[in-house]
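Here is a friendly note to read alongside the model. Please keep the 3D view open and find each spot as you go.

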Amino acid sequence: QDPISAAWFALAVGVGFQGAALPTRWGPRVRTALILATALVPLQFSVYPLWQRWAGMHAAVVVVLAVLVGLVLPALRTVLRSAPTEARGFVLRPARAFGVLLVVAALGAGAWGMRNAEPRGADRLNFGEGGHATSLMREHYFDPGRIARVRTESNDAASALRLASEDAELLASLVPTEAVQIDTPGALVLPELTLQRRQAALAQLELGERLGVLREALKTRGFRPDAFGEFLRSAADPDQLPTPAAALEGPLGPWVQRYLGPGETTDVGLESFVHLAPNPDVLAPKLETRDGRELRLQGPAVGGRFQRNTFVEDLGVMVLGQLWLAALIVWLATRSLGIAFASALSGLATHAGILGALEPLGLPLSPVLFPVLLLCGASATATAAQACASARDRSPLDVTRLLLGGACHGVVALSLAASDIPVWSQMGVTAALGAALASGAGLFAAPGLAALVGGGQAATSAPPPPTN
């Protein structure tokens, strides 16, 4: 039912192992775990229940893995009677100009990528269903992904069909700008006001008397009036109108029943279908009936177009929320605004680098990548905080642990990239690219930026503390 939760869970596990593998002491380990665990917190404020659920589940996965690794590894050393290996690494020397150059280049690439990219809604992504024949059908014949539903609810079928006849006139106003076709049984039934006006107009025609004259004329010309009996009887009766009850009882009744079902708040709901226009930038306006009911177009096509229309705003809010929260955690842990600023800027450079690389790689930019971007930004922030603290304290940075942490994230990403499910492959390639950019920005750009703003100075001349 959910084609992307498994991929998200795999990435969460990879990021969780990365956070558990990077630092050796509990202080930096808690800082890293908090940064990575809160990476998806901005998704909690989105309108999508799946993202809200995953924001909490991701935090739980990262915290559990950090605690398990922190407790299991010392226990294994005790059982195996193995002493901890001494830290091996190098002391980082901040390169201010190089750090600024990397960040400016990444931000420029991100700006270029956003200007040239065409965001897609989730309804336009390829989840591995169908094949080339399906793509041809959608392109040249009929695209079921452009179908939106409108539900009309009432207490019984006749009244639901009556309301649908009024809704049909309103839905028809969408053609041809926002829609190309409307499929609803309501179009076969006249609205109540139209029926009343037609009945009043027919009463003024005095059809009974006129048809009586026609019957006599048929006799005089040698025709049998009974041969036209059905026509004469129906035309002479002004009460025989195309009402909802007549439609349900007539030959079209079984066809209309296919559109009926249980309502969300009432006993009966009637669904009408709107085939949206091919232009994905066109959104249907708000529709309100004469009696104050709001017609809501629902379905993946509507949600996908809404996602595309609000993509830039949503991405900005998510990224800024993740970077602000990560920078706050870094500042509370290191008591250095310079390190917090450099860490957040490294995360932003990672986001921008990913966005700049998607277009040349031919990868679609869609809301499905939001969690991947947030995870990569948090990874860059965590790596940058560790590198900046190491440079400030002039303590050796354990390269083995750094590479091992990046490998945890990268291996999971590459396994997804090799999947035959297109959307998994796109998420994997993006995550692998993000893991590489996160390590690069955190290791090479962040220390120079921190030194540039005054966050890379050693607090005292005391001997360097243990490896971070």
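1. **Before you start.** This is a predicted model, in which local features need pLDDT of at least 70, side-chain atom pairs count only at pLDDT 80 or more, and totals for chains, interfaces and linings use all residues. Residues are numbered from 1 along each chain as its sequence is written, and side-chain values use heavy atoms, with hydrogens and water left out.

2. **Helices α15 and α17.** Find α15 (residues 370-393) and α17 (residues 422-452), which pack at an angle of about 25° with their axes 7 Å apart. Helices here are DSSP runs of H or I with at least four residues, strands are runs of E with at least two, and both are numbered from the N terminus. Axes are lines fitted to C-alpha atoms, for helices over the stretch in contact, and angles run from 0 to 180 degrees between N-to-C directions. The angle makes α15 roughly parallel to α17 (under 35 degrees is roughly parallel, over 145 roughly antiparallel, 65 to 115 roughly perpendicular and the rest oblique). Ala, Val, Leu, Ile, Met, Phe, Trp, Tyr, Cys and Pro count as nonpolar, Asp, Glu, Lys and Arg as charged, and the others, Gly among them, as polar.

3. **Helices α13 and α14.** How do α13 (residues 311-334) and α14 (residues 337-361) pack? Their angle is about 150° and their axes are 8 Å apart, so α13 and α14 are roughly antiparallel to each other. The contact includes L315 and W331 of α13, together with L348 and H351 of α14. Its residues divide into twelve nonpolar, five polar and no charged.

4. How many salt bridges does a search of the whole structure find? There are seven, each a side-chain nitrogen of Lys or Arg within 4 Å of a carboxyl oxygen of Asp or Glu. One of them joins E166 and R162, at 3.9 Å from N to O; both residues lie in helix α6 (residues 157-172), four residues apart, about one turn of the helix. Another joins E169 and R290, with the closest N and O atoms 3.5 Å apart. E169 lies in α6 and R290 in the loop between β6 (287-288) and β7 (294-295), so this pair ties together parts that are 121 residues apart in sequence. E169 is partly exposed at 41% relative accessible area, while R290 is exposed at 67% (buried is under 20%, exposed over 50%, partly exposed in between, with a 1.4 Å probe and protein chains only).

5. **R392 and D393.** The closest N and O atoms of this salt bridge are 3.2 Å apart. R392 counts as buried, with 17% relative accessibility, and D393 as partly exposed, with 27%.

6. **Two backbone details.** Most residues other than glycine have a negative phi, and most peptide bonds are trans. Look at the cis peptide bond between V175 and P176, where omega is about 10°; P176 is in the loop between α6 and β3 (179-183). Then find R335, a residue other than glycine with a positive phi, near 55°. R335 sits in the loop between α13 and α14 and counts as exposed, at 62% relative accessibility.

Definitions and conventions: Contact means heavy atoms within 4.5 Å.
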